[in-house]
Structure formats: structure tokens, C-alpha cells
Amino acid sequence: MKLTIDGIRDTAAYAAAGITLPAFDVTAMQERGRTDPRWLHVGPGNIFRVFLARIADDMLSDGRHWPVTAVAPMGPDELDTQLGAHDYLSLGVTLNPDGTRDQRVIAGMSEGLATRRPEDHARLLDLIKDPRVTLVSFTITEKGYAVHDSTGALSDDVRRATASDPRAYQPHTMALIASVLLHRFEHGGAPLTLMSCDNFSHNGDKLRDSVLTVAQGWEEAGSVSAAFVNWLADRSQVAFPITVIDKITPRPNASIAADLLAVGVEDAGITTVGRTAVAGFVNTEPTEYLIIEDSFAAERPPFERYGAHVVAREVCDEFENMKVTTCLNPLHTALAVAGVLLRMPTIDAEMRDDALRALVTRLGWVEGLPVVSDPGVVDPADFLTEVLEVRFTNPYLPDDPARIAMDTSQKMPIRFGETLKRYRERGLDMGCLQAIPLVIALWCRYLMGVADDGAPFEPAPDPLYDELHAHVAGVGLSGPLTPEQAREVLHPILSNAALFALDLTGTPLAAKVESYFTRLVAGPGAVRTTLDKELL
């Protein structure tokens with residue numbers, strides 16, 4: 001068997017392997033989708049392939065024409081290897097906590113474009129001017145929206161973009177989107193919704209601000225008209241709903257690839273493109289949530305018929321605060337940095353470590369949950385229980401701590417800063433916090449690039465890693481620092497309000513972080529010793 005359109009014609013072989021096939025003619029769908037496009041998606045990574053593309057597949061199965069054009073804003077290699085080689089099919093492998101699997105070929109995509117190829121960029125411009133295209137969604141990670149550097153100034157890439165021709169190809173993703181929107185505006189300006197599905201707070205607001213920043217830069221340079229910027233800023237013409245998405249999708253796992261190969265899926269192997277492991281399959285968990293603000297400027301898919309929740313902004317906000325700032329994402333980050341330092345193989349293995357389990361339990365139940373509002377979609381206590389007792393502990397969903405440690409500098413202000421701000425707004429005592437300052441100290445220890453065994457590790461990609469590493473690079477593991485030394489080393493990090501959503505040196509947390517850090521660098525094994533002493 002092959003994961004291609006020709007390959008899935010062998011329906012008997014796929015049925016024998018326990019793999020469900022699409023309920024429609026994929027070739028016909030793709031042909032119609034190329035001539036009658038409706039939905040573009042930027043950043044067709046794993047969560048898109050197994051969640052959003054699956055929603056599109058479900059709609060297509062029901063006769064609703066919402067195929068997706070996948071748009072890769074980076075190099076074409078990953079798109080070609082992960083999707084193009086499989087005719088834009090994906091094999092979703094859902095790993096249930098009881099050890100069973102649900103396997104399904106997902107066929108929600110009609111074509112794929114890599115915008116760095118001139119012909120694909122031209123095709124994107126042709127698509128975006130079509131008024132039948134009413135939705136552009138995104139999963140490009142937090143750093144994909146960045147238009148400022150760590151000081152708050154426009155980044156060099158954005159300065160170059162705003163000084164260039166807005167109608168030419170733009171390598172920076174936010175400039176690319178602004179340029180594409182300019183093309184739509186100049187070809188009739190039909191209403192459009194841009195829906196970020198990335199995993200951070202107020203993602204739609206960030207997308208809007210970033211695109212407008214680029215457009216306003218062009219306006220100041222005289223490259224575009226004020227009418228274009230006004231159209232872009234008009235929410236009735238271009239909408240940017242906020243969303244919350246939740247579905248754990250680790251990197252493709254070698255054991256799952258081996259199992260698929262064993263049942264006859266001959267192109268189920270894993271390939272490395274750059275530093276990214278890619279495959280035709282996506283391994284994932286059964287739990288999933290998609291909460292969407294009911295703010296659209298044009299026709300939209302009937303998401304609510306397919307498991308998503310289309311809700312008022314306030315509900316979306318409350319669910320986001322519960323999930324992103326308290327009940328899941330901060331816990332994931334805590335396990336990520338601690339797990340890398342301790343060289344733990346997987347998240348579920350960390351949950352079998354008494355100290356690490358105690359860390360995230362305190363982080364969620366004691367320090368986070370008291371400042372969470374109930375969104376009504378799911379009870380926060382039930383959500384947190386599922387995270388700690390079912391999702392993180394699933395031994396059949398092998399997830400690498402290093403994957404979750406990617407871009408931690410971009411995640412800290414949301415995953416921890418928002419909770420700290422609520423403590424401050426409600427007059428609660430930050431001095432009682434233990435887990436949050438310990439996690440921040442562990443992250444500072446992580447920034448050294450040295451594991452608890454004293455040997456170096458390769459840090460996960462992070463746009464600010466080099467800058468932050470420089471502050472702690474001179475710290476060794478030859479003994480604890482003095483309080484004065486710890487304060488001097490960590491001050492540039494802890495005082496950076498962009499990293500934590502507030503200046504920690506103006507709170508009781510800074511002294512706690514510094515104290516933990518001095519213990520974490522006391523020597524090899526100090527991370528293990530500190531965690532056990534503090535939490536057991």
C-alpha cells in the first residue's frame with residue numbers, strides 16, 4: 001500500500017490494515033478545489049493535517065465544499081516531502097490511552113503551494129483575489145507573527161519589508177500576508193476572514209496587529225494607499241477572530257512508522273528535513289478542542305457541526321485563559337524544560353517521576369486554578385484532571401520534551417505572565433507562589449545549554465535563545481552562586497517585561513527565582529536534588 005491517491009484505491013488492503021479511507025472521490029474533489037477554492041491554510045503542519053484538514057474532510061464527506069489549499073511560507077522541501085509526495089493525503093493515527101488506535105486517511109486538501117517558488121507565489125495571488133475564497137487560517141507558531149525584536153523595535157526583516165515594493169514577493173510571513181491582502185484589495189476587496197489557530201493568547205489580535213504594522217509601514221513610505229489600510233482595519237471587511245486550539249500532536253514516532261510499515265504502508269517512513277522529522281502520518285491523541293470567536297467577515301464553514309465551538313469573544317477568552325495560561329500549556333512548558341535538563345525521554349515518563357508530577361500538580365491546582373474563570377464549554381477542574389490523569393500520562397503518545405521546549409521565550413509571557421498579572425490585579429500574594437518561580441528558574445538553568453549531568457545538550461530552536469544564553473553562559477556548575485551573583489546574572493532576564501508580561505524584579509518572585517537558580521547550578525545533579533527537596 002502507498003499513501004497516495006492511486007494507493008488508496010486498494011481498498012481491501014487498507015481495510016485489512018484497519019485504516020479508514022475517505023468517503024468521497026479525492027481526485028474529483030481536488031480538481032474542483034483547484035477551480036473553485038474556498039479556504040486557504042498557511043503553515044500546514046501536524047496539527048493542521050490531523051485536525052483542521054480532518055474537519056474539511058468531514059465536510060467534504062457530507063457534501064459541503066470546503067477543500068483547503070495548503071500554503072507553506074517557508075522552503076518547499078517539507079511541503080513536498082510531507083504532503084506533495086502523498087498527493088496531499090495524511091494518515092491520522094489516534095493513540096488512545098487504552099492502547100487501541102484509530103487510523104484514518106485524511107483528504108481535506110486540494111493542492112499545496114510553497115510561496116518561495118515563484119510559480120506558487122503567483123498561484124497564491126491568483127487565488128486570493130477570488131471572492132469565493134473567504135477564509136485563511138494559520139498554524140505558523142508564535143514566532144511567525146513577530147514583527148518586533150526583544151526591545152520592542154521593528155525587526156530588521158520587517159524594516160526591510162516596509163522599505164520594499166509591497167507588490168513583490170515578501171519573505172517575511174507577516175509581510176507576505178499583508179502583500180497578499182493588498183492584492184485582494186486591488187482586485188475588488190471582497191470580505192475575508194483570517195483565523196489564527198496557533199497556540200497562544202489572543203492569536204487573532206496578534207495577527208491583526210502584525211499585518212497592520214506592515215501595512216502602515218508601507219503607507220508611511222508612500223507604497224500603499226490609506227484606503228488599503230482602512231479596508232484592512234475594518235473588521236467588517238477583514239476579520240481576525242481569536243481561537244483556542246488544543247490537540248497534542250508530537251513529532252512522528254519511529255515505533256508507529258514501524259507498525260505502519262509492518263501492515264503494508266510502504267511509504268510510512270520518517271524523513272528529516274532540516275531539523276524537522278516529517279512523515280505522511282500524524283500521531284495524535286483523541287482529545288481535541290477548537291474554540292472560535294464568532295467574528296467573521298464572510299461566509300464560513302459550519303464549524304460547529306464538526307466538533308468546534310463558535311462562541312462569543314468572552315467565552316473564547318475564558319477558555320483560552322483556562323487552557324493556555326493555566327491548565328495545560330504552562331504545565332507542558334514546566335515538563336519541557338525540566339525534562340530536557342534531566343534527559344527524560346517523554347512527557348508520560350515525566351509524569352511517572354514523583355517530583356515532576358508534584359511540580360505540575362501544584363502549578364495547576366494550587367497556583368493556577370484559583371484565578372481561572374469557568375468558560376462554560378468545559379469545567380476547568382475537569383479539564384485539568386483530564387490533562388494530568390489522562391492526556392499527559394498516555395504511554396501510547398510518546399512526546400518529546402524538546403519539542404515542547406521550542407520557542408519558550410515566546411511562550412513565557414502568556415503561559416506564566418497572564419497568571420501573574422491576575423494575581424497582581426486581584427491583590428493576591430505572589431510571595432506564596434512556589435511552582436511558578438521554580439519553573440522560571442529551571443528555564444534560566446535550561447538557557448545555559450548544560451543538562452543536569454553536566455554535559456551539553458542541543459537547545460530547541462528559539463528566536464531569543466542566543467541573546468538569553470549570553471546572560472547565563474558564564475555560569476558554571478562548580479558551586480552555588482552568591483545572592484549578589486545570581487541577581488547580577490539574572491537581572492537582564494527577570495527585568496524584561498516582554499518575557500514575562502511584567503518586570504519580575506518589581507515582585508517577590510525575582511528573589512525566589514534567584515534563590516532557586518543558585519541551587520540549580522550548584523553542581524551536576526543539582527536539578528534533581530532541588531526538585532526532590534522542594535516537591536517531595
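Author: On a 1 Å grid over the protein atoms alone, a pocket is an open set of points with protein on both sides within 12 Å along at least five of seven lines, and lining residues have an atom within 4 Å of a point. A volume is the space filled by probe spheres set on the points, which are joined across faces, edges and corners. This is a predicted model, in which local features need pLDDT of at least 70 and side-chain atom pairs count only at pLDDT 80 or more, while totals for chains, interfaces and linings use all residues. Residues are numbered from 1 along each chain as its sequence is written, and side-chain values use heavy atoms, with hydrogens and water left out. Here the second largest pocket holds about 230 Å³ of space.

Reader: Which residues lie nearest the centre of the second largest pocket?

Author: Of its 16 lining residues, Val-340, Asp-400, Ala-402, Glu-458 and Ala-460 lie nearest the centre.

Reader: How should I read a positive phi?

Author: Most residues other than glycine have a negative phi. Tyr-88, however, has a phi near 65 degrees, and Asp-407 has a positive phi of about 60 degrees.

Reader: Is Asp-407 buried or exposed?

Author: Buried means under 20% relative accessible area, exposed over 50%, and partly exposed in between, with a 1.4 Å probe and protein chains only. Asp-407 is buried, with a relative accessible area of 3%, and Tyr-88, at 15% relative accessibility, also counts as buried.

Key. 1 Å grid on protein atoms, 1.4 Å probe; cavity = no way out; pocket = protein on both sides within 12 Å on 5 of 7 lines; lining within 4 Å.
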